Number of protein chains: 2
Amino acid sequence: MGIAETPEPPYTAVIFTSLRTDGDDGYAQMALRMEELACEQPGYLGIESARGDVGITVSYWVDAEAARAWKAVAEHRGAQRLGRAQWYRAYRVRVAVVQRDYGRP
Amino acid sequence: MGIAETPEPPYTAVIFTSLRTDGDDGYAQMALRMEELACEQPGYLGIESARGDVGITVSYWVDAEAARAWKAVAEHRGAQRLGRAQWYRAYRVRVAVVQRDYGRP
């Protein structure tokens with residue numbers, strides 16, 4: 001997974017920042033599965049993910065409605081529940097509209 | 001560095017995603033210095049950073065103007081130049097407005 005190939009703005013970014021609990025407890029498998037599942041959703045544009053002291057996953061969507069629909073997918077809701085119960089000590093989700101972007105591919 | 005303690009939305013997020021070249025070449029020192037320098041800028045709200053296959057740094061600002069002013073700070077411009085010349089194989093900067101957020105502190 002590299003830098004997401006997103007279209008011209010505007011589009012929606014969901015920035016998920018988390019602090020993990022100790023141990024894996026199925027976390028790695030779930031994270032991989034959620035990335036696979038996200039790709040299949042309507043309005044999905046891409047995903048970027050990295051972990052150091054904190055984990056940051058940014059998923060990109062055509063609009064806020066597509067991001068909201070992904071949040072509501074049943075299997076994803078199950079992962080969110082387990083995340084709150086056992087995988088994350090703390091987390092924050094920020095839903096944002098990308099207004100401009102630039103860079104070097 | 002943990003999860004940024006940002007105020008109620010709206011505020012601006014600058015999502016910087018990058019692929020590094022091999023070797024350090026002063027990168028770690030520069031990255032630390034840029035985080036210190038960002039903290040001192042007007043309108044700074046927080047920063048989150050992680051690196052895996054890609055590096056993701058999200059900095060938060062009171063508004064787009066504050067984010068733009070940070071981009072223009074002379075020492076930061078020097079780091080951007082060196083980044084393009086030697087540290088990054090590829091990168092993307094996305095400037096976004098956070099519209100809602102939620103989570104568990």
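## Basis of the description

A residue is called buried when its relative accessible area is under 20% and exposed when over 50%, with partly exposed in between (1.4 Å probe, protein chains only); W61(A), with a relative accessible area of 0%, is buried. This is a predicted model, in which local features need pLDDT of at least 70 and side-chain atom pairs count only at pLDDT 80 or more, while totals for chains, interfaces and linings use all residues. Residues are numbered from 1 along each chain as its sequence is written, and side-chain values use heavy atoms, with hydrogens and water left out.

## Aromatic pairs

Rings of Phe, Tyr and Trp (its six-membered ring) pair if their centres lie within 6.5 Å, and planes under 30 degrees apart count as stacked, over 60 as edge-to-face and the rest as tilted. Over all chains, this rule gives 16 aromatic pairs. In one of them, the ring centres of Y11(A) and Y60(A) are 5.9 Å apart with planes at 80°, so the pair is edge-to-face. Because Y11(A) belongs to strand β1 (residues 11-20) of chain A and Y60(A) to strand β3 (residues 55-61) of chain A, the pair ties together parts 49 residues apart in sequence; strands here are DSSP runs (E, at least two residues), numbered from the N terminus. Y11(A) is buried at 2% relative accessibility, as is Y60(A) at 0%.

The rings of W61(A) and W70(A), by contrast, have centres 6.0 Å apart and planes at 25°, so this pair is stacked; W70(A) is buried, with a relative accessible area of 9%.

Terms used:
Chains lettered and ligands numbered in written order. Helix = DSSP H or I, 4+ residues; strand = E, 2+ residues; numbered from the N terminus.
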